[in-house]
Amino acid sequence: MKGVQIFSHSLRQVMDNLGPALKVSGVLYLVQVVITGALGYAMASSGVAGMGSGMGLGVILVLVVSLITGIWIAVAWHRYVLLGEEPVGYVPPFMGERMGSYFVKSLLIGLVLMVLGMILGMVVGLLFGRLMAASGMFVAMLLMAAMVQVPMIFLGLRMAAALPGTALGANPPLMAGWQATEGEWRPLLQLAVLMALALWVVNLIGWFVFGGIGVMAQLWQLIAGWPVTMVGLSILTTLYGHYIEKRPLV
């Protein structure tokens, strides 16, 4: 099952290179955690009455910082894995041109997925709203994972398979990944199911172990977010290496 092979290969890619992974992403991800935590603390302290324009600016700041640092990590990790570009220090080089191109293509793909997610979410809500309300959060999360996340991840994988090439400076066309993965729907569907299952487990723990909301649940999401991010980037890296560069899966 190639989808399982791609997932396990990507997981090993992070685990076997834990030191470089932390060098590439550790400080930048910590910045995300600190600024997100600061905003959460400010919102909890001020309450609903204190949420004015300043809080809105805070949310925008968090989004901008998270976006920049996220793309920074992605570009550096793709380059490390595919080019063997060893990280020097604990903050990778800032490659503005590569990151800008990566952002534009990611934005276009993200807009497509956002529209798809909205449509699927509404359909699932209309068809299974009563079932989800009656059955509780466990069933609701399972249905959303199976009927919303799996199709979104599948489409995202096909569209973004060539995205790491932008980090390398190759600048492949936006749909190069779609063309390269033509006829490979079975392994990519398997991969999408595995990724959705992993996210479902993370969310399940956040909801049933840490209460879904509150400080502990938010802390869990921030902690779990690092391996989720790095394995996700490794999956894209593996797809590019295998389907675009024709590297074997080992």
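S25 lies in helix α2, where helices are DSSP runs of H or I with at least four residues, strands are runs of E with at least two, and both are numbered from the N terminus. The model is predicted: local features need pLDDT of at least 70, side-chain atom pairs count only at pLDDT 80 or more, and totals for chains, interfaces and linings use all residues. Residues are numbered from 1 along each chain as its sequence is written, and side-chain values use heavy atoms, with hydrogens and water left out.

With a relative accessible area of 1%, S25 is buried; the term means under 20% relative accessible area, computed with a 1.4 Å probe and protein chains only. Leaving aside residues up to four places away in sequence, S25 touches I73, W226 and M230, a contact being heavy atoms within 4.5 Å.

The chain as a whole comprises 9 helices and 0 strands. Of its 250 residues, 38% count as buried. Among contacts with a separation of 6 or more, 78% join residues 24 or more positions apart. Along the principal axes, the C-alpha atoms fill a box of roughly 55 × 45 × 30 Å.

The largest pocket has a volume of about 1500 Å³. On a 1 Å grid over the protein atoms alone, a pocket is an open set of points with protein on both sides within 12 Å along at least five of seven lines, a cavity is a set where a 1.4 Å probe fits but cannot get out, and lining residues have an atom within 4 Å of a point. Grid points are joined across faces, edges and corners, and a volume is the space filled by probe spheres set on the points. Of the 41 residues lining this pocket, M195, V228, T229, G232 and L233 are the closest to its centre. Helix α9 gives the most to the lining, with 11 residues.

A search of the whole structure also finds 1 cavity of 30 Å³ or more. The largest cavity holds about 50 Å³ of space. Its lining consists of K105, I109, M159, A160, A162, L163, P172, P173 and L174. Helices α4 (96-135) and α5 (137-160) are the elements that give two or more residues to this lining.

Notes: Buried means under 20% relative accessible area, exposed over 50%, partly exposed in between (1.4 Å probe, protein chains only).
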